[in-house]
Amino acid sequence: MALNIMQLATMFADKHPGITSGHRLCPGCAAPNVAKFALMTAEALGYTPVVGFSTGCMEVSTTIYPYTAWNVPYIHNAFENVAATVSGVETAYRALLKKGRLVDPNKKYAFFAFGGDGGTYDIGLQALSGAVERGHKFIYIVYDNEGYMNTGNQRSGATPPGSQTTTQPVGKKLSGKIQLKKNIVEIMAAHENVYVATVSTSEPMDFFKKIEKALNFDGPSFIAAMSPCVRFWRVNDDKAVEISKLAVETGYWPLYEVERGVYRVTKKVKELKPVREFIEKQGRFRPLLKRPDADEIINELQEYVTSRWERLLALEEATKDKPIR
Amino acid sequence: MPEVKNRQAVTGAQAIANAMRQINPDVVAAYPITPQTPVVEYFAQFVADGVVETEMIPVESEHSAMSAVVGAAAAGARAMTATAANGLALMHEIVYIAASSRLPIVMAVANRALSGPINIHCDHSDAMAERDSGWIQLWAENAQEAYDFTLMAIRIAEHEDVRLPVMVNFDGFIISHGVEVVDFLDDEVARKFVGEPKVMYPLLDTEHPVTHGPLDLYDYYFEHKRQQIEAMKHVKKVFKEVAEEFAKISGRKYDLLDKYKVDDAEYIMIALGSTAGTIKYTVDLLREEGHKVGVIKPQIFRPFPKNELQELLNGRKGVIVLDRAASFGAEAPLYEAVKSALYEVAVKPQIGSYVYGLGGRDIKIEHIRKAFEDAFSGNLIADEERYLGLRE
């Protein structure tokens, strides 16, 4: 069943999709929409979502005791272990179903694990890799804002080169982070028996479809969502979707999926816009732009983005009827 | 006494794995680490053979083992794990979270020295590092107690007045790999004793969604800690009730303190775990020589049975505390707790601290005798930490 916007709009006109209003995330934050899109899709398809969250902005802003912004079962354990925690929840589900001790045996559960880029690319990678290797049926969603926002704009493995961060700032001598963003999507795709996709809230239909695919996939799924932090990226509160769109149009955040090794680019951008456009729209790159080596760094990023894009198209062609497992 | 139907020579690891088989937990998540590994191996075989209905999660680390067990217990499952030493240290962060979330998890700990330098043999530094994590700590002397305590631990952890996780400590290699005769309960009797899990606020009850592990700032955190403190206070009562019930089905009656020849003893040695057995033997030898000596083995270290110890130690001539762990820059943990308890008694005995057996160093009868002899000669100095079996 393919979902459409009207269906979802009607269904959730007077209903919260898992996360409710009244949370304390910053105005304009993209993260709650990542959760909303995922949980809406699950509910619309008849699933009851169970949510795990790793420590981070989204977790601390939605569950300040004695309040909670979640109207679905929710568990936070620690920073690096949401994949392991949800492994436990999912396994408990199977055990209790088998033993006839489940409270709602007729419900179709959907297990979600959410983490920021810090909890996913960095400290949580081991637990995530372990859980995916073991094949737990769950959907892991990283909301990628390219830094440690909970603690205030620190570098993560997802931070692009030249972005201003507090732990690797742009200075007189150094141009901030030197390394390119870690390619988490490919790392996860390399687990082979997995459905992996990138999404962006600027492309909701593509987002819904990929969640639907993940829900139907017989095994673990990993979804990487572009999720700008308007504070860290130094863009206006109403710009998260716009800047995400630009990330897709420049090829900085290509929309694609890998299903057991089979690549599919889901948004074929006819002509990629220059990455410079994406960079210049954000205040976090302002210190870089003042440096003499700015062009060098932007060119390097451009080269990477272009070659990755070409490589993705080639992989799509090469793998189309060759699932790896 | 009930008839013993199932007496077998087994290792401590087998004894615990068999307790787990009888418990038939819903979820076991574990990672192998010496000397805990055989517990997981035996149990994995039970899973593979379909002897238990448990779903096992062979995780990629101990950190994930504890994380998964927390997830499973929060979901409403009866969840267990086992570990040792560096594995327990890797779990450390989540060990606290398990207790703070009031999840009745039971974990067997094959006590082993913490690195570094790396060492795989027995001491108590791993468990002592978790002393203040909010877990109940039971300490077994032998395979029989390791088995019995594992069954009892489920009942204590899940009791509605407690709802705290329990660590069953058993000395690495000495108990885990040593073969002893163990009296097993009949499966049905054991199963009936542990009963059905008592689940509170399960995550999978979607009709009543709950938020587990919220952000808890200065306006409520303190109150929640206070509740944990209160829950710990209920443990002694619950331990005694569970022990009473366990005695009826096993004939083995446990108390907070295991007392051996203590009634008329002038000198009492206190130690945790398997060494108590060697001390008991030494006490018998010294008794033959006319010395009034005895042993107290705390079966539980957290909560600490302070009042019970005070009653027993008040007015004795000498108290010798043996620790298989050091506390750098302070007193050894068991000694510190005993000495602190003695501050409040009317007639204080002389007291001495002896650290022994670090990294698996043998503890021998002559070492224990030497410590007793210090006591007989009035040579116990409260402010002096001494070492047994150390080359100096």
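Colleague: In β15(B), which residue is the bridge partner of B:V321?

Modeller: The bridge partner of B:V321 in β15(B) is B:S353. This is a predicted model, in which local features need pLDDT of at least 70, side-chain atom pairs count only at pLDDT 80 or more, and totals for chains, interfaces and linings use all residues. Residues are numbered from 1 along each chain as its sequence is written, chains are lettered from A and ligands numbered from 1 in the order in which they are written, and side-chain values use heavy atoms, with hydrogens and water left out.

Colleague: How many bridges join β14 to β15 of chain B?

Modeller: Six bridges join strand β14 (residues 318-323) of chain B to strand β15 (residues 350-356) of chain B, and the two run parallel. Strands (E, at least two residues) and helices (H or I, at least four) are DSSP runs, numbered from the N terminus. Two strands pair if DSSP finds at least two bridges between them.

Colleague: What is the strand order in the open sheet of six strands?

Modeller: The order is β10-β12-β11-β14-β15-β16 in chain B, with mixed pairing. At the edges stand β10 and β16 (385-388) of chain B, each with a single partner strand, so one side of each is left without a neighbour in the sheet. Neighbouring strands of this sheet are turned by 25 degrees against each other on average, direction ignored. Axes here are lines fitted to C-alpha atoms, for helices over the stretch in contact, and angles run from 0 to 180 degrees between N-to-C directions.

Colleague: Which helix packs on that sheet?

Modeller: Helix α10 (residues 275-288) of chain B does, touching β10, β11, β12 (293-298), β14 and β15 of chain B. The direction of α10 makes about 165 degrees with that of β12(B). Contact means heavy atoms within 4.5 Å.

Colleague: And the sheet of seven strands, what order does that have?

Modeller: In chain B the seven strands form an open sheet in the order β3-β2-β4-β5-β7-β6-β13, and the pairing is mixed. The edge strands are β3 (55-58) and β13 (300-302) of chain B; each has a single partner strand, so one side of each is left without a neighbour in the sheet. B:V27 stands opposite B:E55 in β3(B).

Colleague: Moving to helices, at what angle do α6 and α7 of chain B pack?

Modeller: Helix α6 (residues 143-158) and helix α7 (residues 187-194) of chain B pack at an angle of about 35 degrees, with their axes 8 Å apart. B:Y147, B:L151, B:M152, B:I154 and B:R155 in α6(B) meet B:A190, B:F193 and B:V194 in α7(B). By class, this contact has seven nonpolar, no polar and one charged residues. Ala, Val, Leu, Ile, Met, Phe, Trp, Tyr, Cys and Pro count as nonpolar, Asp, Glu, Lys and Arg as charged, and the others, Gly among them, as polar.

Colleague: Why is helix α12 of chain B described as largely enclosed?

Modeller: Seven of the 10 residues of α12 (residues 333-342) of chain B are buried, so the helix is largely enclosed by the rest of the structure. The buried residues include B:P333, B:Y335 and B:L342. Buried means under 20% relative accessible area, exposed over 50%, and partly exposed in between (1.4 Å probe, protein chains only).

Colleague: Is B:N24 buried or exposed?

Modeller: B:N24 counts as buried, at 15% relative accessibility. B:N24 lies in the loop between α1 (12-23) and β2 of chain B, and has a positive phi of about 55 degrees although it is not a glycine.

Colleague: Lastly, which residues does the cis peptide bond with omega of about -5 degrees join?

Modeller: That bond joins B:G116 and B:P117. The peptide bond from B:S115 to B:G116 is also cis, with omega near 0 degrees. B:P117 is found in the loop between β5 and α5 of chain B.
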